[in-house]
Amino acid sequence: MMAQYLALKAEAGDCLLFYRMGDFFELFFDDARQAAQILDIALTSRGEHLGVPIPMCGVPVHSAEGYLARLIKGGCRVAIAEQVETPEEAKKRGGSKALVARDIVRFVTAGTLTEEALLEPRRANVLAAVCEVRGVVGIAAVDISTGRMELEECAADRLGAALARLGASETVTPEGWDGAPPEAIARPGRDFSSDGGEARLKAVHGVATLDGFGMFTRAMLAAAGGLVAYLEHVGRGQLPLLLPPVARAGDAHLAMDEATRASLEILVSSQGGRRGSLVEAIDRCVTGAGARQLADDLSAPLTDAAQIEARHELVEWLHGDPLLRADLRAVLRALPDVGRALGRVVAGRGSPRDLGQLRDGLSEARRIHDHLQGRKDRPALLDALLPRLTGHGALTDLYSRALVPSPPTERAQGGFIAEGYDHALDELRQISGDARRAIAMLEAKYRDQTGIAALKIRHNGVLGYFIEVPAKHADALMASDSGFAHRQTMAGAVRFNAVALHQEASRIAEAGGHALAAEEAHFEELTALAVKARHAIAATAEALARIDVAAGQAERAAEGGWTRPAITTDTVLEIEGGRHPVVEAALAAKGERFVANDCHLSQTDRLWLVGGPNMGGKSTFLRQNALIVLLAQAGGFIPAARATIGLVDRLFSRVGASDNLARGRSTFMVEMVETAAILAQAGEKSFVILDEVGRGTSTYDGLALAWAVVEAVHGVNRCRCLFATHYHELSRLAESCDALSLHHVRAREWQGDLVLLHELAEGPADRSYGLAVAKLAGVPAPVVARAKAVLERLEKGRAETGGLAAGLGDLPLFAAALEQREEAVDHLREKLGALDVDALSPREALDLLYELKREAGNLP
């Protein structure tokens with residue numbers, strides 16, 4: 001046995017091996033040590049290997065899913081080794097001592113889960129494959145629980161942003177690729193072939209060309225090849241549900257890098273969970289599929305005005321009819337997760353319950369269609385969705401006749417085919433039932449015959465049916481002419497058999513076996529029908545999810561008094577009474593009110609410099625406007641009284657930073673890396689929020705960097721930007737930057753205490769109130785007093801020297817400074833370019849070097 005285990009373990013590689021032994025999955029050696037620690041189960045030993053006891057632990061087969069979930073969350077991957085023949089087949093093959101053959105039937109990994117118990121209902125489970133082809137990175141992503149597959153490509157420096165948007169549970173890459181993300185699983189490079197990927201996709205979908213699905217680049221096809229090859233590997237040749245691939249255009253969605261997503265806390269809060277995130281604050285979906293679609297919308301907002309308006313129109317239509325919305329949400333709430341049930345069925349892991357969920361979900365989809373079809377003035381998006389909710393009448397009718405109202409999750413015991421669907425099956429069940437009644441009559445007969453009132457007929461998996469009497473009555477049945485045959489002696493009872501009982505037991509076993517075989521055949525037929533209709537069923541599931549998202553968005557808008565934004569292609573951002581959805585919800589839970597603020601950015605006033613004290617609301621103001629843009633372009637209503645959103649192509653947020661010790665980066669280094677990315681990538685249609693740039697270094701360095709960044713954003717990037725700062729000296733930029741305006745969050749000191757008003761006002765901040773904030777935070781009074789004395793001395797020195805920003809007003813603007821420097825450098829370049837190096841003597845060359853050095857020293 002151990003030789004068989006070691007051979008399978010070698011095949012499993014770095015996965016934990018679940019080795020089936022009877023009713024348990026056993027783990028040995030290091031696998032057992034690791035699993036026992038994660039699962040908190042007992043670690044035992046079994047026999048010896050090379051003279052050392054073999055560590056061992058195990059989990060029951062019937063409850064293995066719960067243990068698998070904990071192992072996957074613990075970062076493990078698991079190979080399942082099942083018995084692939086019966087003990088009888090093993091004996092027939094190799095004699096009485098033959099070992100039952102086992103083989104790995106499946107790999108369970110974070111990105112390939114389909115089991116309902118292992119998945120989060122409101123979160124997609126994405127598997128991604130990434131590779132590079134001729135300098136371009138291809139990405140293939142699939143949620144195999146629903147089959148949705150997308151292909152895209154991006155530049156190498158945009159890979160982090162793309163993976164952050166996908167939030168993949170597992171990523172596979174070619175072996176030896178230097179650009180592979182951390183924690184990626186390396187797979188053979190030959191799997192990532194564009195030709196191979198194209199061939200695999202054609203084979204999966206049974207087509208001669210992929211043109212009907214869209215246009216796919218070589219990088220996309222190579223990534224798709226790696227993805228499908230990995231799925232074939234983990235499924236041991238059995239592929240899950242894969243819908244036709246969709247090409248995701250790079251400019252079709254609002255681009256956000258990893259740092260922006262983290263700082264805006266879109267799907268995950270800074271604490272690492274859903275609580276406190278944007279999605280948690282706005283999610284009012286009543287189905288898991290709707291919640292997953294909403295998360296996808298927020299991760300990839302649209303940049304096409306027509307598509308955005310179509311979503312807004314549907315939300316507005318449902319928002320305007322509360323009774324319809326309530327009825328619709330009530331029906332949706334009772335729906336099963338059709339997409340994931342279909343995924344399990346197609347993957348070969350379906351159950352009768354999954355077929356029942358398809359029946360119920362598709363039937364309810366038809367009801368929703370009929371109810372909405374009769375409504376007037378339907379939005380265009382709803383008209384496009386309604387046809388996808390129908391077309392399953394024959395399938396649902398068949399499932400309604402074939403399945404019991406509540407099918408079981410396991411099919412091994414049968415009982416899921418409805419009575420009346422198969423008359424032969426009904427007869428087998430009747431025979432089995434009659435035999436059971438006959439056994440009950442036999443029990444009564446044997447009691448009368450023997451006079452033993454305690455006689456019982458029992459059943460177990462080893463002996464089958466048997467007669468059991470207390471030990472003190474056993475002698476009467478032991479007699480040779482009693483008609484009973486001794487089977488087993490227990491501590492307080494003795495077990496017997498009888499000819500009549502054996503006959504009835506055989507009838508039950510035969511009829512039961514035939515009934516189970518008949519039900520299994522029906523299950524395969526019903527499953528094949530679902531697989532055949534998988535594309536249409538998946539389209540229905542997607543339509544239901546989209547309707548749920550729109551209804552949930554309308555419900556959230558009604559709760560919070562949110563409004564529909566106007567979308568324009570102009571570079572404006574006009575928001576009146578804007579609020580932060582997460583902060584507002586948190587304050588409302590405490591009975592407090594959020595202070596709304598306006599934001600008016602335009603081509604002539606595109607950069608706001610926002611000052612004011614800490615805790616005054618600067619960061620909240622910056623974030624809320626970024627989130628309002630995101631919500632609007634995701635297709636929902638926004639927390640504002642009124643808004644006109646000029647389409648944003650890229651959203652950048654540099655708000656807060658922390659050390660990244662894993663990459664050897666300090667807080668300031670992280671800040672500069674993020675700022676550099678913004679300055680390199682932001683364009684005129686971008687929206688940027690920057691908070692306290694330069695605060696992580698010395699005052700002079702910080703001010704210099706902040707000054708230069710503001711000038712660059714204003715004069716080079718020319719994007720809409722909110723820039724929060726404590727450097728009062730930056731207010732002087734308003735004199736030289738015509739599209740920059742000054743604003744501050746209001747605060748007042750009252751009787752020695754700081755009162756934060758959280759209101760935005762025009763003009764520069766009059767002071768920073770840093771000492772007052774320190775007092776609020778509980779800094780000891782002597783320390784605050786000492787700081788006040790130091791501050792007075794510093795301010796006196798600054799006044800005498802002309803201040804920290806003395807002389808900055810004389811600096812030319814950002815572009816002019818670059819031109820001056822370039823001209824000076826060009827002077828030297830011209831002189832060097834005119835030289836005939838081959839004609840110089842050694843002495844002349846040395847003299848020329850001295851001359852060039854003198855000129856370089858005189859440069860400004």
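**Cavities, a surface patch and salt bridges**

The largest share of the lining of the largest cavity, four residues, is supplied by H20. The model is a predicted one, and it holds four cavities of 30 Å³ or more. Sorted by class, the lining of the largest cavity has eight nonpolar, two polar and two charged residues.

The second largest cavity has a volume of about 60 Å³. Around this second cavity stand Asp-297, Arg-311, Leu-314, Val-315, Leu-381, Arg-546, Val-549, Ala-550, Gln-553, Ala-634 and Gly-635. Here the elements that give two or more residues are helix H11 (305-319) and H20. H20 makes the largest share of this lining, with four residues. By class, the lining of the second largest cavity has six nonpolar, two polar and three charged residues.

Leu-846, Leu-849 and Tyr-850 make a nonpolar surface patch of about 320 Å². One of these residues, Leu-849, lies in helix H28, which covers residues 842-857. Leu-849 has a relative accessibility of 56% and therefore counts as exposed, the cut-off for that class being over 50%.

The salt bridges come next. The count of salt bridges in the model is 47. In one of them, the side chains of Arg-411 and Glu-524 meet with an N to O distance of 4.0 Å. Arg-411 lies in the loop between helix H16 (393-402) and helix H17 (423-450), while Glu-524 is in helix H19 (residues 499-532), so this pair ties together parts that are 113 residues apart in sequence. Arg-411 is partly exposed, at a relative accessible area of 28%. Glu-524 is also partly exposed, with a value of 42%.

Another salt bridge joins the side chains of Glu-468 and Arg-458, at 3.0 Å from N to O. Glu-468 belongs to strand E15 (residues 464-470) and Arg-458 to strand E14 (residues 456-460), so the parts tied together by this pair are 10 residues apart in sequence. Glu-468 has a relative accessible area of 15% and is therefore buried, since buried means under 20%. Arg-458, with a relative accessible area of 38%, is partly exposed.

A further salt bridge is formed by Arg-746 and Glu-759, whose closest N and O atoms are 2.6 Å apart. This pair also links two strands: Arg-746 lies in strand E26 (residues 740-750) and Glu-759 in strand E27 (residues 753-762), so parts that are 13 residues apart in sequence are tied together. Arg-746 is partly exposed, its relative accessible area being 26%. Glu-759 is partly exposed as well, at 32%.

Technical notes
Residues numbered from 1 in each chain as written. Predicted model: local features only at pLDDT ≥ 70, side-chain atom pairs only at ≥ 80, totals over all residues. Heavy atoms only, no water. 1 Å grid on protein atoms, 1.4 Å probe; cavity = no way out; pocket = protein on both sides within 12 Å on 5 of 7 lines; lining within 4 Å. Points joined across faces, edges and corners; volume = space filled by probe spheres on them. Nonpolar A, V, L, I, M, F, W, Y, C, P; charged D, E, K, R; others polar. Patch = residues over 30% accessible without salt bridge, like charges linked within 9 Å, V, L, I, M, F, W, Y side chains within 5 Å. Areas by Shrake-Rupley, 256 points an atom, 1.4 Å probe, with all protein chains shown as cover. Buried < 20%, exposed > 50% of the residue type's maximum accessible area, 1.4 Å probe, protein only.
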